[in-house]
Amino acid sequence: MSEYLLEMKNVSKAFPGVQALSNAQLQLKPGHVHALMGENGAGKSTLMKCMFGIYKMDKGQIYIDGQPVTIKDPMEALSKGIAMVHQELQPIPARTIGENIFLGRYPMKKLLGFIPVVDHDKMYDDTAKLLKKVKLRFNPRQMEGTLSISQMQLVEIAKAVSANCRVLILDEPTSSLTQNEVESLFNIIEDLKNEGVAIVYISHKMDEILRISDEVTIMRDGQYIGTWEAKELTTASIITKMVGRELKNLYPPRENVPGEVVFEVKDFTSINPKSFRHVSFNVRKGEILGIGGLVGAQRTELMEGLFGIRSHKAGKIFLHGKELKVNRPKDAIDQGVALLTESRRTSGIMGVLSVADNISISSLKKYLDYNICINSKKVENLVQENVKKMNIKTPSSKTQIQSLSGGNQQKVIIGRWLANDPDVLILDEPTRGIDVGAKYEIYCIIADLAKQGKSVLMITSEMGELLGMSDRIMVMCDGKCTGIIDGKGATQEQVMALATQFD
Amino acid sequence: MTAAKIENKNFFGRFLATAKSNPIVVLLVAVSFVVGFTVPNFFSWGNLGNLISNTAIRFLIALGVSGCLITKGTDLSAGRQVGLAACIAGVLIQRGDYTGRLFKGIPEMNMWLVFLIVLVVGAFIGCVNGLIISRLKVPPFITTLGTQTIVYGICLVFTDAQPIGGFQSVYTRLITGRIGSVSGFYLPYLLFVAVVFGLFFWFLYNKTCHGKYMYAIGGNEVAAEVSGVNTKNTVLKIYIIAGVMYAIAGYLLAAKSGGASASMGMGYELEAIAGCTIGGVSTTGGIGTVPGVLVGVLVFELLKIVLQFLGVNPYYNYVVQGLVIVVAVALDIRKYIAKK
């Protein structure tokens, strides 16, 4: 009999263009809380998805009670006693709590002895018992949609518990919980520990980790760094182990000289109390301001707020010293602000339209003859200019943008914004999902824009990119700006400490 | 990659490629040739004129609805709006001495003044649709399902469900007029109306900001909004233009039929949507061309005439038309599935 309830050994997993996991491992003891830590993109979630059967491992083996097993889909994981609470919840708001918990495995009974129907009474009785077990006081017949996000999260945990699991994976379970709810979650975890359940706990909050976990496994760049007893660790030692990587010279040299302040934001606060609040910063002419933080730090939301996609209830924006009122994207665009959105697919490209249509959509008014007729030669010139300048690889300007590679799509969208000749460019994860070669090209474009005197705000979740490209770095945590540091001397430890400064 | 391949081919190669991607069109053209050489009078000026007149009015309606479809919307009120326009035109254009006049109190009106009134009513209904869809964010399907019923109700109340006839002869003569004679060379005036609007829409869709914005919204509404497109106003304009097109179609239809009634235009929205879809307007948005819409509508009208010439029981028409719609869209969607 193995000492470990579940073991993962030599797990490797590659996605197109990136090695997400290489020889990662994890060993879980029954009745222990095992914290899994690492930066954004270290491979924590990927490893868990491999365990839960969402991803197929390229290499590696899972052992349960010392016996090798294969897990090919989540149903099989559940049947083997593994349950997972996902970071992104997928509830069905218009159905009851009971139905959400028993989705896909409704208790059945036979009507008139032969017609199979859902046994609602049993389902709601079981739900009531479960909710009591996790100390939630809801009516099982209440609509899921009437709960708050954090309550839904607790229901999700109840659902995982209901599967009578032996291994429970909690992926950032406290990100939306209040302090009281966190306490009750910890009580639930304590109960489960006593029942011998092994718990994998993924979180960035150091104090929580140090408080509830027994062991800590740290990952970095898809690799296993090590496992330590939680008692032996401190916040500082965890951060050092998480970031301890050498940064290679992957970034172009920069010749930009930051000038006077162009763009200034004061006390910017969202209408949503959980989102960005009291954020103040400024950007100079020809400066690249990197914006760092963990996933969920509300960086994207802040930028979308500045651009008028999201609403704010307080705060002011100044451009060239003049106040800028932004209620919708057009207001910002007209004043010379551009936003390269985080998700190219959902808010960047218009997939079925041509490269020419995609690149010109934001600046069409410039190519009109007699104020009405679009001059297709001028549009073609715009395309060719950008194709040459940014080395965009496309068969023709009429090609559908969705058939280009991610890097080329991104260049087209950058071209779309440059056509407006903006003073301030907000780039949200400009190199996400782009292969290494195209990444360097995009860095060169960004460096060149700064050299031309544009002010660049760049959100990035890649530590190397943040340190390698920024003149100054603003770090956010949980909706607040936790610090602005100089880019030159900044270290990964400094950024990480600011990014985990929860209160 | 495929685009590049097609560009490299000669004319015949391109023709084959186009034929391959529009099988239903090829099939119908082939069928009509077979019918043409086996049934007498199919290839005749009279039949051509008939086809053109029928197609012209359907084409105007389809052009109106195409904008809604390209932006992932729809317009179920199209047919009833055509009916209302026909009834308004009919009532106002009745001869002063006609005994069955619906509103005896009003004076005989100039047909162009009536045309203007009809346009304003069409624009107004379109505006209502557009405002509900763009501002209140009610899905287009539901919005226009509602206005469809409302418009029909208004039409019934207003005409008291009575058929309307006795039009001024200038009106009917002008619209059903033609160049040439029925037995010889023959082109109806409606052909020129269709050509003018076809060109106008081609220009609107390809050369103006409005057109580009429309395709952008259909391609990705969020991206369009982020790029500074005024999506609300663009959608509003699309539905107003659609309303105006239905009004024009209704005005022409009343004259062509020589009478109007509240039931006129029933089901035309579905024919128009079917025509657009057969012509390659994508139901997932962002794709669709004016020539495509024309081909779609033409194919549909051709199908009707072919069935008529073959002496098929008219009740079967619906079955065949329905099959063509489903098969056409199933084939069309296969193109996109194969690409992924």
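## Legends for close-up views of a two-chain model

**View 1. Chain B as a whole.** Of the 340 residues in chain B, 46% count as buried. Keep in mind as you browse that this is a predicted model. Chain B is built with 15 helices and two strands. A compact globule with 340 residues would have a radius of gyration near 20 Å, and the 21 Å found for chain B agrees with that. Among the contacts in chain B between residues at least 6 apart in sequence, 77% join residues at least 24 apart.

**View 2. Chain A as a whole.** Here you will find 17 helices and 24 strands in chain A. Chain A has a radius of gyration of 25 Å, close to the 23 Å given by the globule rule for 503 residues, so it is as compact as a globular protein of that length. The C-alpha trace of chain A spans about 80 × 60 × 45 Å along its principal axes. Buried residues make up 47% of the 503 residues in this chain. As for contacts in chain A with a separation of 6 or more, 69% of them are between residues 24 or more positions apart.

**View 3. Where chain A meets chain B.** The contact draws 27 residues from chain A and 22 residues from chain B. On the chain A side, the elements that give two or more residues are helix H10 (329-334), helix H11 (344-347) and strand E20 (373-374). Helix H10 of chain A provides the largest share of that side, with three residues. By residue type, the chain A side divides into 14 nonpolar, eight polar and five charged.

**View 4. The largest nonpolar core.** This core has 236 residues, and those with the most contacts inside it are A:Ile426, B:Leu60, B:Ile61, B:Ala85 and B:Ala89. Helix H12 of chain B, residues 231-257, gives the most to the core, with 18 residues. Within chain A, domain 1 (6-243) and domain 2 (261-499) both give residues to the core, so it lies between them.

**View 5. Around B:Ile61.** Let us zoom in on B:Ile61, one of the residues with the most contacts inside the largest nonpolar core. Which residues is B:Ile61 in contact with, leaving aside its neighbours within four places in sequence? They are B:Ala78, B:Val82, B:Met245, B:Tyr246, B:Ala249, B:Tyr268 and B:Ala272.

Key: Residues numbered from 1 in each chain as written. Chains lettered and ligands numbered in written order. Predicted model: local features only at pLDDT ≥ 70, side-chain atom pairs only at ≥ 80, totals over all residues. Contact = placed C-beta atoms within 7 Å. Helix = DSSP H or I, 4+ residues; strand = E, 2+ residues; numbered from the N terminus. Nonpolar A, V, L, I, M, F, W, Y, C, P; charged D, E, K, R; others polar. Core = buried A, V, L, I, M, F, W, Y, C linked by C-beta atoms within 7 Å. Buried ≥ 20, exposed ≤ 12 C-beta atoms within 10 Å, placed from the backbone. Domains from an automatic or database assignment. Rg over C-alpha atoms; globule rule 2.2 N^0.38 Å.
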